[in-house]
Amino acid sequence: MSELARRAEKLDAEDALAPLRSRFVLDDVVYLDGNSLGALPAGVPDRIADVVRRQWGELRIRSWEESGWWTAPERIGDRIAPLVGAAPGQIVVGDSTSVNVFKALVAAVRMADLRGPGRDELLVDATTFPTDGYIAESAARLTGRTLRPVTPDEVPSALSDRTAAVLLNHVDYRTGRLHDLPALTAAVHSAGALAVWDLCHSAGALPVGLDEHGVDLAVGCTYKYLNGGPGSPAYLYVRRSLQGDFDSPLPGWNSHAEPFGMSPSYAPAPGAQRGRVGTPDILSMLALEAALDVWDGVRVEAVRAKSLALTDFFLECVGARTEPGRVEPVTPAAHAHRGSQIALRCPDAAEVMPALIARGVVGDFRHPDILRFGFTPLYVSFTDVERAARVLGEVLN
Ligand SMILES: Cc1ncc(COP(=O)(O)O)c(C=O)c1O
């Protein structure tokens, strides 16, 4: 056994989160793609079977009340809240991240308008996951704003009294770079604008501190580090003090103050419910609720500490197993700038990743030359990390 393999065993033996791995359905594959689709929590299949057979099959329509279907979006939002540093009553679950980006951005521009005229610009992270950019462009067009794509580093100098809102990613999906949410939010606020954050690649992997840092609005998906399952619903956070001003561009009947009043005129519900649109996707939503059980008693700070230890160890093992210069880490080495993934630039990444997958190490490829490895601290072990780097070395060399 190599020295690195011995170290991995020792680190696993000392890892307080290691027992959580048994709460997931896993096999001999080293699964480093939880930043794309989280693994299946072991409690989900039975819960879904109950939802389908009993709640739907036997109780049918009664389940909207008796099985708590109607209130699931807010109830599950409150389960996600502590993971992103939010007090209850500010997060609603539903729709996709893309749809929630739309709701959040248009609502942010409308809130900016309440602060006075002249805020005619919308800033968007130029390096963003494409959907955020597409939707920001449409939101800008619909609200008569000019869209300015800027890198997160350029945001402070791009801000002015013309800025209505800024859409940023907490962690860059491609490079794994962690952006400074507290400092950028403060900069946006000092320009009098609203900060909208996409938490897809940070929620469930590291502390976010939405309330602590005064974030205005935030969105995120639940199928990555929250393990909600393929296409599980996203969430929308609206800071409590802004909820009264949240004017949804998609005011469906589910967000009406009296949804069953069937009134022809719209009156928004108070609180997080105002972010809802139409009938929630109950099967996916309740799979997510069951998936969140694995978080009971888990501190996000402990998850972050393990995430950094895993990614540090991966970088060390890759350095030991590959020829110098064969791959180049693009994820920052500094902990303060690193999310929970490692992206390696590799000229033949498109061929390397399928070879890794064929050898039981699953990460993903991002165009044009990035090997992306996500580290979900709830179920990835140090032994996995050592094996992944060893197999990568074999494939590359
Ligand atoms: C940062 C980011 N934003 C948005 C999305 C898109 O989310 P959805 O397909 O749920 O709308 C993704 C998907 O991976 C993402 O990584």
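Predicted model: local features only at pLDDT ≥ 70, side-chain atom pairs only at ≥ 80, totals over all residues.
**Exercise 1. The surroundings of V188**

Which residues does V188 touch, not counting residues up to four places away in sequence?

*Solution.* Start with the location: V188 sits in helix 8, which covers residues 181-190. Next, list the contacts. Leaving out residues up to four places away in sequence, V188 touches L159, V166, A193, L194 and A195. Now count neighbours: a residue is buried if 20 or more other C-beta atoms lie within 10 Å of its own. As a check on distance, look at I135, which is 53 residues from V188 along the chain; the two C-alpha atoms are separated by 20 Å.

**Exercise 2. The nonpolar core**

Find out how many residues the largest nonpolar core has, and which of them have the most contacts inside it.

*Solution.* The largest nonpolar core has 111 residues, and those with the most contacts inside it are L105, A108, A165, V166, L194 and V196. Helix 5 (residues 97-114) gives the most to this core, namely ten residues. Then turn to the domains: at least three residues of this core come from each of domain 1 (3-31 + 298-396) and domain 2 (49-295). In general, nonpolar side chains of soluble globular proteins tend to be buried together.

Take V196 for a closer look. Setting aside neighbours within four places in sequence, V196 is in contact with A104, L105, A108, A165, V166, L167, D216, L217 and A218.

**Exercise 3. An annotated lysine**

*Solution.* Leaving aside neighbours within four places in sequence, the contacts of K224 are G34, N35, S36, G38, C200 and H201.

**Exercise 4. Strand 10 and its partners**

Describe how strand 4 and strand 9 pair with strand 10, then sort the side chains of strand 10 by direction.

*Solution.* Strand 4 (residues 91-93) pairs with strand 10 in the antiparallel sense over three bridges, with V92 opposite L236. Strand 9 also pairs with strand 10 in the antiparallel sense, over four bridges; here G220 has Y235 as its bridge partner. For the side chains, recall that in a regular strand they alternate between the two faces of the sheet. In strand 10, Y235 and Y237 point one way while L236 and V238 point the other way, and all are buried.

**Exercise 5. An open sheet**

Why is one side of strand 11 and one side of strand 14 left without a neighbour in the sheet?

*Solution.* First write down the strand order: four strands form an open sheet in the order 11-12-15-14, with antiparallel pairing. Strand 11 (328-329) and strand 14 (364-366) stand at the edges with a single partner strand each, so one side of each has no neighbour in the sheet. For strand 11, antiparallel pairing with strand 12 (residues 341-345) runs over two bridges, and P329 has L344 of strand 12 as its bridge partner.

**Exercise 6. The whole chain**

Compare the radius of gyration of the chain with that of a compact globule.

*Solution.* A compact globule of 397 residues would have a radius of gyration near 21 Å; the chain has 22 Å, which agrees. Buried residues make up 47% of the 397 residues.

Technical notes
Residues numbered from 1 in each chain as written. Rg over C-alpha atoms; globule rule 2.2 N^0.38 Å. Buried ≥ 20, exposed ≤ 12 C-beta atoms within 10 Å, placed from the backbone. Contact = placed C-beta atoms within 7 Å. Core = buried A, V, L, I, M, F, W, Y, C linked by C-beta atoms within 7 Å. Domains from an automatic or database assignment. Pairing = 2+ DSSP bridges.
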